[in-house]
Amino acid sequence: VKKTFNSIKICKNEDEIFQNKEIDFVCICSYDNFHFIHVKKAILSKKDIFVEKPLCSNRKEFDIIKDLIKKSKIKISSNFVLRENSYFKLLKQKIKSGFFGKIYLIEASYNYGRLEKITNGWRGKIKNYSITQGGGIHLVDLVKFLTEKNFAKVVSGGNNISTKKNGLKFPDCITSIIKLDDGSILN
């Protein structure tokens with residue numbers, strides 16, 4: 001990297017970034033299982049954050065991040081790019097206007113289609129990699145954006161039939177039914 005971009009500073013240790021007072025914004029795009037520790041370090045070093053999804057891996061990590069954010073003035077954002085798509089913005093306007101009537105069912109599908117990223121890439125090396133956190137979260141966020149509803153209940157199930165032969169032990173296929181607070185359902 002230094003040979004290609006000789007004018008930038010290269011760190012040998014991530015802590016050099018978090019300890020550097022001249023840096024006030026960090027972009028976290030490390031492997032998913034490191035996001036929590038990097039977000040935590042950024043908050044504690046008072047740096048604004050852009051973090052690739054997922055923000056973290058579990059509720060305990062989320063609660064820690066939430067508590068740290070409340071105590072700071074840190075700005076944090078993530079890459080939920082579908083919100084900026086003109087088609088989805090138009091769809092949101094139509095939903096708000098009542099064009100579709102009362103919505104009672106939303107169906108969405110995230111067909112990953114890149115099995116080699118799980119079987120041969122870093123994702124397959126993470127002990128409990130989540131395809132929902134790594135990709136399906138875009139659908140969850142999009143529905144939240146479109147409907148402005150809260151999620152009341154989630155029931156999910158999955159299997160790893162497609163990747164079991166590769167030795168992976170996490171589900172590569174997940175389906176979820178999410179009940180929204182107005183009684184509508186997301187499948």
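A charge is taken to sit over a ring if NZ of Lys or CZ of Arg is within 6 Å of the ring centre and within 35 degrees of the ring normal. By that rule, the charged end of Lys92 sits over the ring of Phe145, 4.0 Å from the ring centre. Lys94, in turn, lies over the face of Phe99, at 4.6 Å from the centre of that ring. The model behind these values is a predicted one, where local features need pLDDT of at least 70 and side-chain atom pairs count only at pLDDT 80 or more, while totals for chains, interfaces and linings use all residues. Residues are numbered from 1 along each chain as its sequence is written, and side-chain values use heavy atoms, with hydrogens and water left out.

Lys92 and Phe145 turn up again where two helices meet. Helices (H or I, at least four residues) and strands (E, at least two) are DSSP runs, numbered from the N terminus. Axes are lines fitted to C-alpha atoms, for helices over the stretch in contact, and angles run from 0 to 180 degrees between N-to-C directions. Helix H4 (residues 86-97) packs with H6 at an angle of about 45°, the axes being 8 Å apart. H4 and H6 are therefore oblique to each other, given that angles under 35 degrees count as roughly parallel, over 145 as roughly antiparallel, 65 to 115 as roughly perpendicular and the rest as oblique. On the H4 side the contact (heavy atoms within 4.5 Å) is made by Phe88, Leu91, Lys92 and Ile95, and on the H6 side by Leu142, Phe145 and Leu146.

Then there are the sheets. Two strands pair if DSSP finds at least two bridges between them. Strand S2 (residues 48-51) pairs with S3 over 3 bridges, and Ile49 has Ile76 of S3 as its bridge partner.

Another open sheet has 4 strands, ordered S4-S7-S6-S5, and here the pairing is mixed. S4 (105-106) and S5 are the edge strands. S6 and S7 (residues 185-186) pair in the antiparallel sense over 2 bridges, with Lys179 standing opposite Ile185 in S7. H6 packs on this sheet too, touching S4, S5, S6 and S7, and its direction makes about 25° with that of S6.

As for the aromatics, a search of the whole structure finds 4 pairs. Rings of Phe, Tyr and Trp (its six-membered ring) pair if their centres lie within 6.5 Å; planes under 30 degrees apart count as stacked, over 60 as edge-to-face and the rest as tilted. Tyr31 and Trp122 are stacked, at 4.8 Å centre to centre with 20° between the planes. This pair links distant parts of the chain, 91 residues apart: Tyr31 is in the loop between S1 and H2, and Trp122 in the loop between H5 (115-119) and H6 (131-147). Tyr129 and Phe170 have ring centres 5.7 Å apart and planes at 65°, so that pair is edge-to-face. Together with Tyr31 and Trp122, they form one aromatic cluster. Buried means under 20% relative accessible area, exposed over 50%, and partly exposed in between (1.4 Å probe, protein chains only). Tyr31 is partly exposed at 44%, as is Trp122 at 21%, whereas Tyr129 is buried at 4% and Phe170 is buried at 4%.
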